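Please read them alongside the coordinates.

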Amino acid sequence: MKFFVDTGDIDEIKTLAATGMVDGVTTNPSLIAKSGRDFKEVIQQICSIVDGPVSAEVAATDYETMRKEAEVIRKWGDNIAVKVPLTEDGLRVCKELSDDGTLVNVTLCFSPAQAILAAKAGASFVSPFVGRLDDISQDGLQLISDIVRIYDNYPQFDTEVLVASIRNPLHIVESAKMGAHVMTAPPAVIRQLYKHPLTTSGLAAFVEDWKKTGQSIL
Ligand code: E4P
């Protein structure tokens with residue numbers, strides 16, 4: 001499973017990239033607003049830190065303007081994935097960009113039907129939002145299971161399932177069991193993956209016992 005970080009925070013990206021675990025980055029207009037920085041500057045900086053796909057989202061919602069914005073955004077880096085919304089206009093842009101060899105991430109996917117459309121439009125990634133479905137008492141993980149199953153039926157679909165809107169480690173583990181290709185999570189959730197109380201207590205005991213030996217490795 002590929003790991004993308006869902007943030008516009010450069011320091012967080014640098015720290016996590018140093019672990020060697022970061023395969024890409026996703027952003028959205030809300031994350032850019034949260035960074036308080038210039039969109040192009042942030043994206044270009046991220047592209048210089050991470051080799052893998054960096055998703056940068058169009059701001060418009062109509063075909064003509066989205067198409068123009070996509071032309072601008074895709075020149076910001078060799079590893080840009082233009083992010084478009086899962087709408088009729090968005091998928092029209094997706095099809096044209098994909099035919100041109102540009103990576104496209106289709107975002108705001110909330111149903112298997114939408115995911116089929118994204119694959120037919122040649123998307124490199126489709127982003128089903130697990131947490132936002134859970135928030136309205138619908139089963140976000142069931143959507144992942146449905147999409148993976150459907151895509152498996154059609155080997156000609158090249159679209160990777162990018163599990164988004166992740167709120168906790170269980171979302172990641174369950175999606176991995178289902179065979180989802182990629183997950184994108186906020187830095188805090190990625191850090192939660194490392195944690196287990198038995199690791200913490202076990203390590204504390206080893207540190208104490210090592211002190212008793214009076215030895216030093218270095
Ligand atoms: C994905 O690309 C989105 O940026 C993100 O996962 C949305 O997550 P949220 O529902 O926590 O805003």
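1. In which strand is lysine 83 found? Lysine 83 belongs to strand β4, residues 80–85; strands (E, at least two residues) and helices (H or I, at least four) are DSSP runs, numbered from the N terminus.

2. The basis of these notes is a predicted model, in which local features need pLDDT of at least 70 and side-chain atom pairs count only at pLDDT 80 or more, while totals for chains, interfaces and linings use all residues. Residues are numbered from 1 along each chain as its sequence is written, and side-chain values use heavy atoms, with hydrogens and water left out.

3. The protein has eleven helices and eight strands. Its C-alpha trace spans about 70 × 40 × 30 Å along the principal axes. Of its 218 residues, 45% count as buried (under 20% relative accessible area, with exposed over 50% and partly exposed in between; 1.4 Å probe, protein chains only).

4. Lysine 83 counts as buried because its relative accessible area is 3%. Its side chain reaches the backbone oxygen of threonine 27 at 2.8 Å. This is a polar contact, that is, a pair of N or O atoms within 3.5 Å; within protein, one must be able to donate a hydrogen and the other to accept it, and residues adjacent in sequence count only if both atoms are side-chain atoms. Lysine 83 is also one of the residues around the ligand.

5. Arginine 132 places a polar side-chain atom 2.7 Å from an oxygen of the ligand, and for serine 165 the distance is 2.7 Å. The ligand taken alone exposes 340 Å², of which the protein buries 85% (Shrake-Rupley method, 1.4 Å probe).

6. Serine 98 lies in helix α5, residues 88–99. With a relative accessible area of 17%, serine 98 is therefore buried. Its C-alpha atom is separated by 5.7 Å from that of glycine 122, 24 residues apart along the chain.

Key: Near = heavy atom within 4 Å.
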